[in-house]
Amino acid sequence: MKVKSAAKINLMLDILKKLDNGYHSLFMIMQSVDLYDTVSVEKNDEDKIIIKCDTDGVPCNEKNIAYKCAVAFFDALSITERGITIEIEKAIPMAAGIAGGSADGAAVLYCLNKIYNTNLSIKELCEIGAKVGADIPFSLVGGTAIALGTGTIIASVKDLPECYIVLCKPEQDVSTPEAYAEFDSLNRVRHLDRILMVDAVADGDYEKICKLCGNVFEQAVEVPKRPHIKGVMRKCGADACVMSGSGPTVYGIFSNKENAEDAYNKLSKKYDNVYLCKPAKHGITEV
């Protein structure tokens, strides 16, 4: 079975507090975008999980989130026949704050549910995925959604109005655990207007959504190229410019396609990982 699994951006990311278990309570508005990894899963006769990927830096072993999701699926359902081959074609950059690894893990859960005829609901798959990574439930649900708790409580909301989204990842990787550690070291945090954002999303108010977009990680995570990227996007007419996740990717939202293309072209001259996208209504699409 083959599927496409979408990248995501955080229209809003606020960290409410650190929990006793070391995780953090979050408030996020998440959005799928049409930048996809392609994941193929098929049974094999070797009685083991095999990961294949031709992208440098992707671990093809038990460290891969896709591998971990396969194990979690088999464990949850007490399946002993575990001979599968997972092939990943990467388009989503790694360590970018846009859920590249989580998208692959979600794709594996989706495919295994079909291949093994286990008929689990998306909610049940989310419960399995949440044990592996906080972004996996959203990657399964996709579209536009509010995510709460550690990111595993998902509520789908009204689709983001039609627009264009430019993603730009500078040549920098960000470790999520290190980003949270930096956030925890802050003496003071400027929290975001979560209630107004929920109202804006519920109303489908594009202008208000763009005005309220924000990410508290920008107060803690240093990305030297972020001001330049945002400057280019704003000069090209972006209605919002925000870092996604723990970074370093910056996205710009545009109502006008020509403006988005202008930003894409200008940024592409300086950065290797630049993408022109639109909002996606689903996290996973069968190929």
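We'll go through sulfurs, helices, a sheet and the cores.

Modeller: Ground rules before we start. This is a predicted model, so local features need pLDDT of at least 70 and side-chain atom pairs count only at pLDDT 80 or more, while totals for chains, interfaces and linings use all residues. Residues are numbered from 1 along each chain as its sequence is written, and side-chain values use heavy atoms, with hydrogens and water left out.

Biologist: How many disulfides does a search of the whole structure find?

Modeller: A disulfide is a covalent bond between the sulfur atoms of two cysteines. The cut-off used here is a pair of cysteine sulfur atoms within 2.5 Å. The search finds 0 of them.

Biologist: How do I read a helix? Which residues of helix 6 are buried?

Modeller: An α-helix has 3.6 residues a turn, so residues three or four places apart point the same way. Helices here are DSSP runs of H or I, at least four residues, and strands are E runs of at least two, numbered from the N terminus. In helix 6 (residues 194-203), the buried ones are Met197, Ala200 and Val201. They fall within an arc of 95° seen down the axis, so they line one face of the helix; the arc is that of the directions from the helix axis to the C-beta atoms. Ile195, Ala202 and Asp203 are exposed on the other side. The buried residues of helix 6 pack against strand 1 (2-18), strand 2 and helix 7 (206-212), with contact meaning heavy atoms within 4.5 Å. Just after helix 6, glycine 204 takes a positive phi of about 65°.

Biologist: Now sheets. In what order do the 4 strands of the open sheet run?

Modeller: Two strands pair if DSSP finds at least two bridges between them. The order is 9-10-7-11, with antiparallel pairing. Strand 9 (240-243) and strand 11 (273-277) stand at the edges with a single partner strand each, so one side of each has no neighbour in the sheet. Inside the sheet, 5 bridges join strand 7 (residues 164-169) to strand 10 (residues 250-254), and isoleucine 165 has isoleucine 253 as its bridge partner in strand 10.

Biologist: And the cores? Which residues touch the most other members of the largest nonpolar core?

Modeller: In soluble globular proteins, nonpolar side chains tend to be buried together. A nonpolar core here is a set of buried Ala, Val, Leu, Ile, Met, Phe, Trp, Tyr and Cys residues joined through side-chain atoms within 4.5 Å. Of the 32 residues in the largest one, Phe73, Phe74, Ile84, Ile86, Leu112 and Leu140 touch the most other members. Helix 2 gives the most to this core, with 7 residues. A second, separate core of 31 residues includes Ile9, Ile98, Ala103 and Tyr275.

Note on methods: Buried means under 20% relative accessible area, exposed over 50%, partly exposed in between (1.4 Å probe, protein chains only).
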